[in-house]
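I will go through charges, aromatic rings and a few backbone details.

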Amino acid sequence: MKKEKFNVVGMTCSACSASVEKAVGHMEGVSSVNVNLLSNNMTVEYDDSLVEASSIIQAVTDAGYTASVAGAGTPAKTSEENHVQDEIDEMKQRAIVSMVFMVLLMYIAMGHMVGLPVPSFLLGVENAATMALAQFLLTLPVVYANRKYYQTGFKTLWRRSPNMDSLIAIGSGAAIVYGIFAMFRITWGLGHGDLDLVMRYSHDLYFESAAMILALITLGKFLEARSKGRTSDAIAKLIDLAPKVATVIRDNQEVEVPVADLVEGDIIVIKPGQSIPVDGVIIEGSSAVDESALTGESIPVAKNVGDKVISATINKAGSFRFKATRIGDDTTLAQIIRLVEEASSSKAPIAKLADKISGIFVPVVITIALASFIVWLLLGYPFEFALTIGVAVLVISCPCALGLATPVAIMVGTGQGALHGILIKSAESLETSHGVNTVVLDKTGTITEGKPKVTDIIPGSTLSERELLIIGSSLEKPSEHPLAEAIVTKGVEDQVLFEEVHDFLAVPGKGVQGMIKERPYLAGNLSFMRDNNIDLSEFETRAHRLAEQGKTPMYFASEGEVLGIIAVADVVKPTSKQAIRDLTKLGIDVVMLTGDNKRTAEAIRRDLGIKTVIAEVLPEDKEREIRLLQEQGNTVAMVGDGVNDAPALARADVGIAIGAGTDVAIESADIVLMKNDLRDVATAIKLSKATLRNIKQNLFWAFFYNTLGIPLAAGLLYPFFGWRLNPMYAAAAMSLSSIFVVSNALRLRRFNPDK
C-alpha cells in the first residue's frame, strides 16, 4: 500500500471535502482517504498496482476541484507554506477590490437617503435607467473579483454535489439576474411613460445586495484564511529551527555548504551559539546543548565524545565536531514535523459527524430556499419579497463554520503539543486521550531512570565510606555487570583513586573476586557470601531493610570479614511522584506494570502512592494485562519506553512512548513524549480534554447558528413579529460564524498545563 499526500484547490466548505472524499473513496484500490479542509490537502492510502496518482487527481477534477501531488517539484513544507500565504494574499486582493466597489455602489444607491451628495444625473425618476446602469457597472468588478464562487459553485451544482460556493453563486446570481430584469422594466417604463413602474423597480434593483453578499463573504474568508495561517504557527516554528547552512570538513578544510547538500558521514564543525543542522554523534570535543526547542527541557544537556546530538538544537558553550548519521527527512526534526503535519491533517472520529451532515446539508438548504420562495409567492407576497427570502436562506446557510469546527482545533491542539515536547501522531489519539481513565506505567525507564545507581554506602567498623567505595569500585571495574557499572560510575563521580586488581574472577550469578595489594577481596550477593563462609550477622538487618526499599545490597568482604554493603537501585525519577499525583487529581487510576520482583515493586508503589501494581510480568505478557484492563471497561493509556513495550503500546487505547523518540517508540505509540518526564502524560491528557472541549464548543456554535439562522431567513417569524433577514445581514452573519469558530480554536494557543 502506498500513502500519498495531494494538494486540493477549490474547497471552501465541509460539503466540498465530503464530495472529494466520496469521489476518491469509491475508487478501486483506495483503502482510505482523508480530506482536510483547513490545510486544503488530501491523504490517500492506495494500492498503486490498481490505481495511479493521476487517476486520483482525475477523480478530484471530475468532482469539480483541482488536485496535484503535494511537494511535486518543490520541497513539500515550503510548498505548503507558500500555498497558505498565496491563499491569504489572493483573498486580501479580492477583499480590497470587493470592498472598494461595494462602498462606491452603496454610496450612489443609498447616499441620498442619508443626505450625502450624489451626482444629480443619477437622481430622480427621469434618471432611473442611468442609476440602474451605474449600479450594474459597479457590481461587475465585484462579481469578476469573486468569479471563483460562480465557477466552482455552478460546476459542483451541475455535477450534483453542491457546496458552499453553490449557495453563494445561486443567491447572489439570483439577485443580479433580478436586477438586470428590473433594468429592462425601468427602461420599458420610461419609454412608455409608466412612472409608477419605474419608481417600483428603482427600489428593487438588488445590485447592492449581491455586491455586499460577495464583499462581506470574501472579507470573512480573508480574515478566516489569515486566522487559519496562524493555526499552523507551531509547524512553521519547527521548520524555522533548522539552520540553512553547515560548516563541514572537505579536503581537510572547513567549508560552508547548504544543509541540503550534506551527506551521511560528513564531519560537521559546531561552534558556540550555532544550531546543529542534522543528527549525528560527537567525535571530538564537548559542550552543553540546549534541546528545549524540541524537548521542552530548559536545562542544557552535557555532550561528550560518543554522545548523540539532534538537529535544530543549539550549542551553548564549547566547540565540537560530529559525524552526520541522519540527514534530510531522516532527522529527528523532520520526523517531528512529519508527525505534527500528519496529526494536523488527520480526522478525529467526532469530525465524521460533521462530514455526514455537511454531505446532505447543501442540497437540503437549496430545497428549503426554493420551497420558501414558492410558499411566499403562493401566499400572495410580491416576487421581490419571496426572492429576498430565498437568497437570505441560501447565504446564511453556508456550512463554513461546520467544516472548520474540528480541523482548526485539531491543528492548534497538535501544534501546542509539539511546542510542549508532546508529539501526537493522529487526531484520533488526541480525541481518545480525553476519555482515558486508567494509565498503565512501565517501571524501568518510565517511572525509574532505567539505569542502576548507588544509593547507599554502609561501611563496617574498620573502614570509612570512601575507603569502601575505593575497594568496591576497583574490584568491580573489570566486571561487565550493570550493578558493577553503577558502583564504578559512583567511584568516578567521587573521583576516587582506583587500585589495580590482580587474579580477577567473575562468578556468574554470584559476584566477583580479586587481589588488591596482595589481599583477597570478595564482592557479591548473599549466596556468594555464604558460599565463602562469611559471617553476615552484623549487616543482616540493614540488608533486609534495603531490600524492602527495592534496593539491591552488594556485600564486600576480605579474609572472612564483612567490610560493608554498597546498595544499588534503579532510582525513581525526580518527577515521577508529582506525575502520579497529577494523574490521580485528574481522576485517573494509575497501575504500575513491571517484570521486577514483588518486593521491589511494592517498595516503589509505597513510595509513590500508586494504587495498583502488577509485578513479575514478562515483556510478552504485558499486552495481555492491558487487554484484561480493557475487558473490565477501562479506557487504557500505556506508557513505556517503546522498545520491549511495543506490543502493550499497540494494544492500549492510547500508547504513549516516553523518552527521546526512538524509532520503535515512534512506530508503536500514538503519542511520543520527547522529554524524559512522566508529568507530560498528564499534560497530554489535559491538552486532549481542552481540544475536545473546544471542538464541542465549535460544533455547538455551528449547529446552533444554522438551526437559528435558517428559520429566521426563511421568514417563519415574519407573520408574527414582522422579522425577516436581509441577504446583506445574512452574508455578514455567515462570515462572522466562521471567524468565531477559528478564533475560538485559536484560544487553545493559550493552553497552560499548570492550570
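In which strand is the place of glutamate 561? Glutamate 561 sits in strand E21, which covers residues 561-572, and when I speak of helices (H or I, at least four residues) and strands (E, at least two) I mean DSSP runs numbered from the N terminus.

Before I go further, a word on what we are looking at: this is a predicted model, in which local features need pLDDT of at least 70 and side-chain atom pairs count only at pLDDT 80 or more, while totals for chains, interfaces and linings use all residues. Residues are numbered from 1 along each chain as its sequence is written, and side-chain values use heavy atoms, with hydrogens and water left out.

Let me stay with glutamate 561, which counts as partly exposed because its relative accessibility is 33%; here buried means under 20% relative accessible area, exposed means over 50%, and partly exposed is in between, with a 1.4 Å probe and protein chains only. Together with Asp535, Glu538 and Glu540, Glu561 belongs to a patch of negative charge on the surface. Such patches are made of residues with over 30% relative accessible area and no salt bridge, with like charges joined within 9 Å and nonpolar side chains (Val, Leu, Ile, Met, Phe, Trp, Tyr) within 5 Å. Lys and Arg count as positive and Asp and Glu as negative, whereas His and the chain ends are not counted.

There is also a patch of positive charge on the surface, in which Lys689, Arg693, Arg747, Arg750 and Lys755 gather. Of these residues, I would point you to lysine 755, which is found in the segment after helix H28 (727-746) and is exposed because its relative accessible area is 80%.

A second salt bridge runs between lysine 622 and aspartate 442, whose closest N and O atoms are 2.8 Å apart. This pair links distant parts of the chain, 180 residues apart, with lysine 622 in helix H23 (residues 622-631) and aspartate 442 in strand E15 (residues 438-442). Are these two residues buried or exposed? Lysine 622 is buried, and aspartate 442 is buried as well.

Arginine 606 and glutamate 602 also form a salt bridge, with 3.9 Å between the closest N and O atoms, and because they are four residues apart in helix H22 (residues 598-608), about one helical turn separates them. Elsewhere, salt bridges link Glu623, Arg627, Glu631 and Arg651 in a network.

Turning to the rings, the count comes to twelve aromatic pairs. Why is the pair of tyrosine 381 and phenylalanine 385 stacked? Their ring centres are 4.8 Å apart and their planes are at 25°, so the pair is stacked, given that rings of Phe, Tyr and Trp (its six-membered ring) pair if their centres lie within 6.5 Å, with planes under 30 degrees apart counting as stacked, over 60 as edge-to-face and the rest as tilted. Tyrosine 381 also pairs with tyrosine 718, and here the centres are 6.0 Å apart and the planes at 75°, so this pair is edge-to-face. Tyrosine 381 lies in the loop between helix H12 (351-378) and helix H13 (383-396), whereas tyrosine 718 lies in helix H27 (residues 718-721), so that the pair links distant parts of the chain, 337 residues apart. Ring pairs also join Tyr178, Phe181, Phe373 and Phe383 into a cluster.

Finally, asparagine 252 has a positive phi of about 60° although it is not a glycine, and asparagine 252 is found in the loop between strand E5 (245-250) and strand E6 (253-258).

Note on methods:
Areas by Shrake-Rupley, 256 points an atom, 1.4 Å probe, with all protein chains shown as cover. Salt bridge = Lys/Arg side-chain N within 4 Å of Asp/Glu carboxyl O. Charge placed at Lys NZ, Arg CZ, Asp CG, Glu CD.
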